Amino acid sequence: MDSYSLLASASINIGLAIVILFLFSVLKKQPSNAPIYYPRSLSKRHRIIFPPPRSLSRFFPSFSWIPRAFRVSEDEILEANGLDALVVIRLFKFGINFFSVCSSVGLLILVPINFGVQTDSSERHHSMDSCTISNIKKGSNKLWVHFLCLWFISFYALYLLYREYSEVLVKRIQQVRNLRHRPDQFTTLVREIPVCAEHKGRGCCVGRFFSKLHPYSYYSHKMLYNGKDIEDLSARSVHEKILGLRKRCKGRKHGEETLLVDGCRYDLSETAVLEENLEELCHKIRQLQSEDMLKGKELPVAFVTFKSRWGAAMAAQTQQHTNPLLWITEMAPEPSDVLWRNLSIRYKILPVYKIGVILAASLLTIFFAVPVTAVQGISKYEKIKKWFPPAMAIELIPGLSSVVTGYLPSAILKGFIYIVPFAVLGMAKLGGSISKSREEIRACNMVFYFLLGNVFFLSLISGSLLDEIGEYVSHPKNLPSHLAALVSSQADFFMTYILTEGLSGFSTEILQPGMLFWDFVKSHTYGRGKEKDLYLYSLQYYRIIPTVSLSILIGIVYAVIAPLLLPFLIVYFFLGYIVFINQIQDVYETVYDTCGKFWPFIHHYIIVAIILMQITMIGLFGLKSKPIASISTVPLVLLTIMFNEYCKIRFLPTFQSHSIQNAVENDELDERSGGEMEDRFEEVIEEYRPPCLRPVSFTEPDSNLYQPLITTL
């Protein structure tokens, strides 16, 4: 890829970002788009003020949301959105802090050294080679500067990681204390409950078992039942049809034509029939929810509530039975986080579900190898011309080849990557997780390693194959020297990837073109004249965290090899920080809060990146005839691994469970405040009532949730 292709990619991405951000700043001012750009604020009943309808200011862009992002403090994010959302923001801040220092080191020290050693221009096939380590001659003592920079960058990354882990841990402990009245801190999930030989049931076993083993802390329990027959009655859909007919008839009352009146009469008669059906369904549901009907439908699962956090933590973190496959306990997820459908899966067959997920992920990996290889084929246009002469037709249009080789590969790759997290989440749903948070954490891991293997490594391998086949055939003895430039030869491609992922990707994230298109179609088809629903969705951790972590990995690997890439990453993280502050404040809903459980996985991803950088440099030092530098880098890898093991011992256990000390301290806080939780234990156990067993109640929704909150200046 030449400099013209890089310039074309940068120009297109910057131009698209500016246009999209201008468009967003205008569309954000339109009250009709409030369900798209302010769903969270409207759901919280916050008033949104727009410019007057005929004011020109409504159609001029305003970027007041950018400085607002920098005024939002971490405490405000933590209080309003939870620690998980703050972890995402801290990930962007980590990138800004780390790559700001690395850019200073790279631009002030490494780039002048790399560029100062001028090699024969005929040997440089890539536009960035003159500023990368590949421009350094074999055996040059200037490689020791790269060696020292590698150690400095590694230690600085480890220092930042330790500081972040420590601070997030403190915030987690404080957040658990602030949320100490949540039901999950008093509740344990119990699985594989055996059948009582005397009563031929499971429910009677639970109370007797925990009353005996935990006599001072056990309070009550809630059994789970197979409610598929109740769910199949679909009373909710009948109720929604009734509401739709009532609204349609209400709108027709303003007309005086005979046709409209007759239509309203027809709707009223149909509504009466549906109301009778709904009443029958509700009566049948109440019968199925009775104790007599529930006998024989018990699942070997129960939520057990304790009188103290200490009792729940002790029960969740200890083995209850001599047979470890019976009475399996763990801390319960918060009620809004529970995946009720997966609790019916027997614990013993969960490995089968996990194997199915692995097979599905393997098939997706094989499928994704095709577009990545094709993308690299587009970026290696010079080689393709030799092997496929008709491709030279692209050069007939001036500048088209630069656009095709510079922007198109990263844009195509971005399009495929956008689909991956959603496909992987669908696979993770087959794994039998008991909560949405665990499902998304599993999806996070799968997406990260998928991107690491298919986007990073496969891009290197496929790119090098296309670039090196001819040289290898003609000069097989030069293979080591060509492999030495393997990583640096792909620096220009990853620079265009960062540009596309950051400028175009983040600006598209804030514009939400898919929601705009869907809202337009719905408003002009079946949703015409109806009140708009809020487009309120949860923050997609499984999509954001892995893709941002991959960008961090690319930056870390290239920090010493190609420092010119690092300033683009600073822009990437600044833009991501601004965009997601806006999205967290106004758009995304907080469905659950794991109190920072995503951070240990982020820490692991960055450790993988640091080790990958060090191993790459070991190979490069060896191929550059600096064996002493290679050998001296091995202890750095060992130190990084030892640091990671220490963090696992020091921090990870507190993220995986609640410590007994913190549980006791929180219990003591309640005692000093007058034992305010004693009156809430019945409410706690009722919050874990399965949806199929909750009382049938259909109330009228609030008419027009957001319009009263929209005002003009």
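Biologist: Which helix lies across β2, β4 and β5?

Modeller: That is helix α13, residues 309-316, which runs at about 135° to β5. Helices here are DSSP runs of H or I with at least four residues, strands are runs of E with at least two, and both are numbered from the N terminus. The angles run from 0 to 180 degrees between N-to-C directions, along lines fitted to C-alpha atoms, for helices over the stretch in contact.

Biologist: Before we go on, what kind of model is this?

Modeller: It is a predicted model, in which local features need pLDDT of at least 70 and side-chain atom pairs count only at pLDDT 80 or more, while totals for chains, interfaces and linings use all residues. Residues are numbered from 1 along each chain as its sequence is written, and side-chain values use heavy atoms, with hydrogens and water left out.

Biologist: Fine, so in what order do the strands of that sheet come?

Modeller: The order is β3-β4-β2-β5, four strands in an open sheet with antiparallel pairing, where two strands count as paired if DSSP finds at least two bridges between them. At the edges are β3 (218-225) and β5 (328-331), each of which pairs on one side only. Direction ignored, neighbouring strands of the sheet are turned by 25° against each other on average.

Biologist: Which other helix packs on the sheet?

Modeller: Helix α8, residues 203-213, touches β2, β3, β4 (298-306) and β5, and its direction makes about 155° with that of β3. Contact here means heavy atoms within 4.5 Å.

Biologist: Is β2 buried or exposed?

Modeller: Five of the five residues of β2 are buried, where buried means under 20% relative accessible area, exposed means over 50%, and partly exposed lies in between, with a 1.4 Å probe and protein chains only. In a regular strand the side chains alternate between the two faces of the sheet. In β2, Thr187, Leu189 and Arg191 are buried on one side, and Thr188 and Val190 are buried on the other.

Biologist: Switching topic, how far apart are the ends of α24?

Modeller: The end C-alpha atoms of helix α24, residues 566-586, are 31 Å apart, which agrees with the 30 Å that its 21 residues should span at 1.5 Å a residue. That expected span is 1.5 Å times one less than the number of residues. Helix α24 is also mostly covered, with 16 of its 21 residues buried.

Biologist: What comes in the loop between α24 and α25?

Modeller: Cys595 sits in that loop, and α25 covers 599-623. The phi of Cys595 is near 60°, a positive value in a residue other than glycine, and Cys595 is buried, with a relative accessible area of 3%. Ser625, in the loop between α25 and α26 (627-650), also has a positive phi, of about 60°, although it is not a glycine, but Ser625 is partly exposed at 39%.

Biologist: How many disulfides are there?

Modeller: The count comes to zero, taking a disulfide as a pair of cysteine sulfur atoms within 2.5 Å. For Cys196, the nearest cysteine sulfur is that of Cys204, 3.6 Å away. Cys196 is buried, with a relative accessible area of 4%, and Cys647 is buried at 1%.
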